[in-house]
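Colleague: I would like to know what the labels in a structure description rest on. Please take me through them one at a time.

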Amino acid sequence: MKEDDLLAKWLNDDLSEKELAEFEASPDFEKYHKIKNYTAHLEVDDLDENAMLSNILQQKKTAPKVIPLYKKRLFRVAAIFVLALGITFVMKNFVPQSQTANFGEKTTFSLPDNSEVVLNSGSEINYKKWNWNTNRRLELKGEAYFRVSKGRRFEVQTPLGKVSVLGTQFNVKARKNRFDVTCYEGRVKVNYASTQIILTRGQSVTFENGKQFNTDIKSSKPAWIDNQICFNKENIKSILDELQRQYDITIELNADDTTSLFTGKLPTKDLDMALQIISTTYHLKAKKVSKNKIIFDEK
């Protein structure tokens, strides 16, 4: 006989002598015996079934709240919409913003304080919208022209140096190891390595290979804004690098003289004219080997 059956008969005192002996020999008998002795002292009131039924019937019945399926769907869509708005807000305000100008392009955009920026070809700017009005700071790789709205200090950080202004128009160019800053209106403070210099309207400074060159200008804006590249004592490699950015082409130079310096302007919308000026200046011959590749050879 199963132990459960023996236990039930034992509780009802229905075991035979043989069954009782078998049950008392089981390993759990001592535990069952203690439980039986304990429960024997417990008293339970008689169950008044009629009173219990009456109490249940008198209780106020509450209809179960049923939410229609279409409302559940609306709640789900609303939750997703709110989440999407939150993500969009964070992306627009807390995640760093980036503006780029690819080779052969220029990009114009406004900052949160309506300061205007024009990016030259092959350039990039990164900044944060959050708390912009109290922390007007951005990072520049390449060249850009700024028309800054008046307000708190405005800073442009480049890999080569930093420019700080209050409200002005200026141009910053940081290419390889050359750093150029030109002030067209107001005042700018330029930091390069351990050097700090203040520029006012019509002044320009260039830092290259540890040397500083100061220049006076008469123009009211950078030449590249009007589709011209202005060079001031730059070697042919720097000139060809800029042409590659402006025209989105590849240029190969086969020449021994790469140290002669060039001062002048080249067009950014007329490649043939630009190639002709370089060929004449450096005694080279330009050859178009494909739509996007030029080779300069010595004559």
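Modeller: What follows sets computed values against the definitions behind the labels. This is a predicted model, in which local features need pLDDT of at least 70 and side-chain atom pairs count only at pLDDT 80 or more, while totals for chains, interfaces and linings use all residues. Residues are numbered from 1 along each chain as its sequence is written, and side-chain values use heavy atoms, with hydrogens and water left out.

Colleague: How many helices and strands does the protein have, and what makes a stretch count as one?

Modeller: The protein has 7 helices and 18 strands. Helices are DSSP runs of H or I with at least four residues, strands are runs of E with at least two, and both are numbered from the N terminus.

Colleague: Why is T206 called buried?

Modeller: Buried means under 20% relative accessible area, exposed means over 50%, and partly exposed lies in between (1.4 Å probe, protein chains only). T206 has a relative accessible area of 5%, so T206 is buried. Of the 299 residues of the protein, 33% count as buried.

Colleague: Where is T206, and what does its side chain make a polar contact with?

Modeller: T206 is in strand 12, residues 203–208. Its side chain makes a polar contact with the side chain of D180, at 2.5 Å. A polar contact is a pair of N or O atoms within 3.5 Å; within protein, one must be able to donate a hydrogen and the other to accept it, and residues adjacent in sequence count only if both atoms are side-chain atoms. Leaving aside neighbours within four places in sequence, T206 is in contact (heavy atoms within 4.5 Å) with R178, F179, D180, K211, Q212 and F213.

Colleague: Is A193 buried or exposed?

Modeller: A193 has 74% relative accessibility, so A193 counts as exposed. The residue lies in the loop between strand 10 (187–192) and strand 11 (195–200).

Colleague: How do you know that the length of helix 6 is close to the expected one?

Modeller: The expected span of a helix is 1.5 Å times one less than its number of residues. Helix 6 (residues 236–247) has 12 residues and reaches 16 Å from its first C-alpha to its last, close to the expected 16 Å.

Colleague: What makes a space a pocket, and how much space lies in the largest one?

Modeller: On a 1 Å grid over the protein atoms alone, a pocket is an open set of points where a 1.4 Å probe fits, with protein on both sides within 12 Å along at least five of seven lines. The largest pocket holds about 580 Å³ of space; grid points are joined across faces, edges and corners, and the volume is the space filled by probe spheres set on the points.

Colleague: Which residues line the largest pocket?

Modeller: The lining has 29 residues, of which T182, Y184, A223, C230 and F231 lie nearest the centre. A lining residue has an atom within 4 Å of a point. Strand 14 gives the most to this lining, with 6 residues.
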